[in-house]
Amino acid sequence: MFQSDSNISRKKPTYFREHQEALYKSLEDKHATVEVDHSDPLATRMTLNMGPQHPATHGVLRVLMELDGEVITKCRLDTGYLHRGIEKMAENKTYQEFMPYTDRMDYLSPYSNNVALCLAVEKIANMEIPERATYIRMICCELSRISSHLLWLGTMIMDAGALSFFLWTFREREKLYDIFDEVAGHRFTVSHSRIGGVNNDFTPVAEEKIRKFIREFPDELKGWHKILDRNRIFVDRNNGVGAIGHVEGIAIGLAGPSLRATGIAYDIRTFEPYMLYDQMDFMVPTRTEGDNLARYYCRMEEMAESVRIIEQCFEKMPKKGPIRVDDAKKSYPSKDEVYYSMEGLIHDFMMTDTGICPPAGAECYHAIEAPKGELGFYIQSDGTGHPWRLKINSPSFSNLQGLETILDGEMVADTVVVIGGLDPVMGDSDK
Amino acid sequence: MSLDRVMGEGYFTTTVDALTKWGRANSVWPMPMGLACCAIEMMAFAGPKYDAARFGSEVFRFSPRQSDVMIVAGWCTYKMSHAIRRVWDQMPDPKWCIAMGACASTGGMHRCYGVVQGVDNFLPVDYYISGCPPRPESIINAILKIQDKIKEQQSLKLDS
Amino acid sequence: MNIEIRDNLLQDIREFMGEDLLEMNLEYTHPLLRIKRDRLHDACRFLKNTLHFIYLNEIIGTDRFTSEDRFEVIYHLISLRNRQRLFLKVRVEEEYPVLPTVTDFWKSANWNEREVFDMFGIRFEGHPDLRRIFLPEDFKYYPLRKEFPLLGVPGSLEMPNTTPDHD
Ligand code: SF4
């Protein structure tokens, strides 16, 4: 059935001709880029192709727009330039082996992705997680939310024309990188949350660093609010741009802050509390305008809320305790055990070899509130250590789908700001 | 321009050569082909803490016409590979290429149907950076290595 | 998630679907319902208009790798008013992998259906713009089907030439 084509190296590349033709056809356009209407030059229609290599598309998004003057009349998105088949890979890996891949999905907030997968697997395999581990996870999730929003802030404002913000937000991000470096041993692909707990406890240095960060960060945030909130250029650039109502927002399936900016307080942390979010006191910021400025306010306030959650976590967190399930069938034994006892070594080996085996035929879904919206894993198990099917419900995918509708009727110059405001990550949406 | 064909290997040529090399080596402007996670680390490399400007990589040029070294950061899919090759073809000579991270070098952990197993399948790579993702220090190292390479090459001959 | 509300909703669905509700799985709190293929459109209309499931979150395709009813398509719906999730399943056979589209109820089904089409080759009748979403149109296989090898088919996706002029 699958015959390889031996002549391939001698063929001329066609640049996926069929694909391009289908794309242009769906825009009801021929390949021509400009159609000059001589009777009325102002009515000239033009097809503009933006991406896949474009500095403002946040990676490799391709946008195809049909313009009428400066107004976008129709637009099509071409995604998949980062499609590597992560779901296929998941089917060929054990659950723990797959965990590092989640880091590389939404690479602006890897910790949330780790936690999302771990929670889903723990749910399907019926595991209870020690309390301290849950708190560590929550703290790091909120830190990664801040980190993701920081990058959004920097790049969004950079797209709008101010470069210095990028440097300021990156300075803060570097602090977060230092924290993750201390906690997990890597700057951002952390793989720290493991199935059954977390890899290692906070060191005193790490804890001190986090405390210092949450002490200083609110001031920084205040300063940014001061610069941006009443900045004429920024407000004019974002006010009313890319606006969408809540009815339409639900219909096109927006997720996360973009949906909350339309006035719908859909946040998994309160909608369906996971971990220990039901014990936390925090607010879900919403706005009703649904435009880019509203998204900006939502995200900025979310960062402040995250700081509050971290503070509460530190208060309530048990000072000592196990950080991983002590059950050799469900999670890795600690390294001490592996090195100094025969049993530990055998368990470690078995765990790597077969892994966690959820009951056959079980299927479940678990979602968390990632910085960009609902991130869910749907897992079907066939009783072995590999998932039979693992579907990722990624927030960027949902948001990008909305982009086609949002861009209709906008000015072409606003495209970059709208993309920046929605904050899609292609690694996440392209699976 | 074949300056040396006119003048041979004289004093003048070597001096101009040294000057050009010095200039070139200290102003390699990267073309950031940021594809995936490594691109974030590449941003950190340009950011305040690691400050690529110290080594002459002052500005990231998103236009291929203005850049000297292409940093391919991230896994490269078959669909994207054509765009990368086109951008590479549009860069003016002399040009260099850095494959950043395991994915760009070999395909890395993404051994799957969509990913080209290493960008050296269709690009002449000068320097490979290991790591997943590499730390910004190693990108600086790569830039310095590229500078060494530039200094060793015959710049005028290269142009002819 | 409120169990009482959930059970009331399920009661409503059971009454509406009758015999055509083939399977119900409540093991992991979220209800997974399987219905007959022909009733899909009916059920969707009922769920959206009467039970207020106005938010379609995703569409999941799976390959069961059996000779009968090989593929399964799962619609993941959310009712914001009742704070409920619901998973609605239908099965499709391999010979005729066609389902009616649900884009007329939920606009967000658009890309999700395209994704299922791209990965499994299940076609959706009446979809406004059914193209592959991730892979190029020139690619002839459906990668998430179980028989497709992990490393792909050599030569099925073209690579650029290594010389600037392509002759
Ligand atoms: S090498 Fe690692 S960090 Fe870099 S693109 Fe590949 S997976 Fe991402």
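Reader: Hi! Before we start, what is a salt bridge?

Author: Hello! A salt bridge is a side-chain nitrogen of Lys or Arg within 4 Å of a carboxyl oxygen of Asp or Glu. Keep in mind that what you see above is a predicted model.

Reader: Thanks! Which side chain does R211(A) meet in a salt bridge?

Author: R211(A) pairs with E207(A), with an N to O distance of 3.3 Å. Both sit in helix α7 of chain A, four residues apart, which is about one turn of the helix.

Reader: Which residue forms a salt bridge with E305(A)?

Author: That is R308(A), and the closest N and O atoms are 3.2 Å apart. R308(A) counts as partly exposed at 31% relative accessibility, while E305(A) counts as buried at 9%.

Reader: Why does 9% make E305(A) buried?

Author: E305(A) has 9% relative accessibility, and buried means under 20%, so E305(A) falls in that class.

Reader: OK! What about K372(A), which partner does it have?

Author: K372(A) forms a salt bridge with D423(A), the closest N and O atoms being 3.9 Å apart. K372(A) lies in the loop between β7 and β8 of chain A, and D423(A) in the loop between α16 and α17, so the pair ties together parts that are 51 residues apart in sequence. K372(A) is buried, at 0% relative accessible area, and D423(A) is buried too, at 1%.

Reader: Which residues do salt bridges that share partners join into one network?

Author: The network takes in E142(A), R145(A), R260(A), D267(A), R269(A), E302(A) and E369(A).

Reader: Nice. How many salt bridges are there over all chains?

Author: The count comes to 54.

Reader: Let's switch to how the chains meet. How many residues does the contact between chain A and chain C take?

Author: It takes 68 residues from chain A and 64 from chain C. Together chain A and chain C bury about 5600 Å², with 57% of that on carbon and sulfur atoms.

Reader: How many salt bridges are there between chain A and chain C?

Author: There are nine. One of them joins K107(C) to E248(A), where the closest N and O atoms are 2.9 Å apart. Between these chains there are also 24 residue pairs in polar contact. On the side of chain A that touches chain C, the largest share comes from helix α1 of chain A, with six residues.

Reader: And how much area do chain A and chain B bury between them?

Author: About 3300 Å², and 69% of it is on carbon and sulfur atoms. Here the contact takes 40 residues from chain A and 35 from chain B. The count between chain A and chain B is four salt bridges, and twelve residue pairs are in polar contact.

Reader: Which residue of chain A does E41(B) form a salt bridge with?

Author: E41(B) pairs with R187(A), and their closest N and O atoms are 2.5 Å apart. As for helices, α2, α3, α5 and α6 of chain A each supply at least two residues of the side that touches chain B. Of that side, α6(A) gives the most, with nine residues.

Reader: What does the secondary structure of chain B come to?

Author: Chain B has seven helices and four strands, following the pattern α-α-β-α-β-α-β-α-β-α-α along the sequence. Of its 160 residues, 54% count as buried.

Reader: Can we zoom in on S105(B)? Where does S105(B) lie, and is it buried or exposed?

Author: S105(B) lies in helix α5 of chain B and is buried, with a relative accessible area of 10%. Its side chain reaches the backbone oxygen of G101(B) at 2.8 Å. Setting aside residues up to four places away in sequence, S105(B) touches A99(B), G118(B), V119(B), D120(B), Y128(B) and I129(B).

Reader: Last one: which residues form a nonpolar patch on the surface?

Author: M342(A), L345(A), I346(A), F349(A) and M350(A) do, with about 530 Å² of accessible area together. Among them, F349(A) lies in helix α14 of chain A and is exposed, at 56% relative accessible area.

Technical notes:
Residues numbered from 1 in each chain as written. Chains lettered and ligands numbered in written order. Predicted model: local features only at pLDDT ≥ 70, side-chain atom pairs only at ≥ 80, totals over all residues. Heavy atoms only, no water. Patch = residues over 30% accessible without salt bridge, like charges linked within 9 Å, V, L, I, M, F, W, Y side chains within 5 Å. Areas by Shrake-Rupley, 256 points an atom, 1.4 Å probe, with all protein chains shown as cover. Buried < 20%, exposed > 50% of the residue type's maximum accessible area, 1.4 Å probe, protein only. Contact = heavy atoms within 4.5 Å. Buried area = accessible area lost by both parts, 1.4 Å probe. Polar contact = N/O pair within 3.5 Å; in protein donor to acceptor, adjacent residues only side chain to side chain.
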